[in-house]
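Here is a short briefing for a reader who is new to this structure. Please look over the sequence and the model first.

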Amino acid sequence: MNFEDFLQWNNINLKYENLAGYVKGFAYYNGYEYLVIINSRCSYIQQQETLVHEMIHIFENHFSCSKGYEEKCEKEVNYFIRELQTNYIW
């Protein structure tokens with residue numbers, strides 16, 4: 001299975017767009033599919049890091065969290081990223 005198949009299998013639509021310079025990317029669920037938008041102005045490394053960040057939000061089901069839990073979700077994503085950086089080649 002290649003990455004495009006993986007995205008399709010998990011109902012994720014990935015797009016690269018010119019966004020404001022400070023926005024690295026974002027993800028949301030529109031009721032049908034997950035949309036991940038990555039800033040095409042960012043470096044390749046930053047795009048990859050942002051993609052990993054947004055994918056963790058999707059697979060940890062952060063889109064069903066109640067309002068007020070955004071900070072907790074971000075901390076959880078940062079924890080997983082630190083684990084990846086510590087235990088795997090980044």
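In which loop does N61 lie? N61 lies in the loop between α2 and α3. The model is a predicted one.

- Strand β3 covers residues 34-39. The strand is mostly covered, with 6 of its 6 residues buried.
- Y34, V36 and I38 point one way from β3. L35, I37 and N39 point the other way. Both sets are buried.
- In a regular strand, side chains alternate between the two faces of the sheet.
- β3 pairs with β1 (residues 12-17) in the parallel sense, over 6 bridges. In β3, N39 stands opposite E17.
- β3 also pairs with β2 (residues 25-29), here in the antiparallel sense and over 5 bridges. V36 of β3 stands opposite A27.
- β2 and β3 form a hairpin with 4 residues between the strands. There, G31 takes a positive phi near 95°.

**Helix α2**

- Helix α2 spans residues 44-59. At 1.5 Å a residue, its 16 residues should span 22 Å. The end C-alpha atoms are 22 Å apart, so the two values agree.
- Several residues of α2 are buried, including Q47, H53, E54, I56 and H57.
- The buried residues of α2 pack against α1 (3-9), β1, β2, β3 and α3.
- T50 has its place in α2. Is T50 buried or exposed? T50 has a relative accessible area of 7%, so T50 is buried; the cut-off for buried is under 20%.
- Beyond residues up to four places away in sequence, T50 touches K24, G25 and I38.

**The nonpolar core**

- The largest nonpolar core has 9 residues in all. They are L7, I12, A27, Y34, V36, I38, L51, M55 and I58.
- β3 and α2 each supply at least two residues of this core.
- A27, one of the core residues, is in contact with L35, V36, E54 and F63, leaving aside neighbours within four places in sequence.

**Aromatic rings**

- How many aromatic pairs does a search of the whole structure find? The search finds 6.
- In one of them, the rings of Y29 and Y34 have their centres 4.7 Å apart. Their planes are at 45°, so the pair is tilted.
- Y29 is partly exposed, with a relative accessible area of 40%. Y34 counts as buried, at 16% relative accessibility.
- Y34 also pairs with F63, with ring centres 5.6 Å apart. The planes are at 50°, so this pair is tilted.
- Y34 lies in strand β3, and F63 lies in the loop between α2 and α3 (70-87). The pair therefore ties together parts that are 29 residues apart in sequence.
- F63 counts as partly exposed, at 31% relative accessibility.
- F3, F6 and F59 form one aromatic cluster.

**The salt bridge**

- The structure holds 1 salt bridge. The side chains of K75 and E71 meet in it, at 3.5 Å from N to O.
- Side chains of opposite charge can pair when their charged atoms come close.
- Why are K75 and E71 separated by about one helical turn? They are 4 residues apart in helix α3, so about one turn lies between them.
- An α-helix has 3.6 residues a turn, so residues three or four places apart point the same way.
- K75 is exposed, and E71 is exposed too.

**Positive phi angles**

- Most residues other than glycine have a negative phi.
- N11 is not a glycine, yet has a positive phi of about 60°. N11 lies in the loop between α1 and β1. At 31% relative accessibility, N11 counts as partly exposed.
- N61 is not a glycine either, and its phi is positive at about 60°. N61 follows α2. With a relative accessible area of 40%, N61 is partly exposed.

Key:
Residues are numbered from 1 along each chain as its sequence is written. This is a predicted model: local features need pLDDT of at least 70, side-chain atom pairs count only at pLDDT 80 or more; totals for chains, interfaces and linings use all residues. Side-chain values use heavy atoms; hydrogens and water are left out. Buried means under 20% relative accessible area, exposed over 50%, partly exposed in between (1.4 Å probe, protein chains only). Two strands pair if DSSP finds at least two bridges between them. Contact means heavy atoms within 4.5 Å. Rings of Phe, Tyr and Trp (its six-membered ring) pair if their centres lie within 6.5 Å; planes under 30 degrees apart count as stacked, over 60 as edge-to-face and the rest as tilted. A nonpolar core is a set of buried Ala, Val, Leu, Ile, Met, Phe, Trp, Tyr and Cys residues joined through side-chain atoms within 4.5 Å. A salt bridge is a side-chain nitrogen of Lys or Arg within 4 Å of a carboxyl oxygen of Asp or Glu. The expected span of a helix is 1.5 Å times one less than its number of residues.
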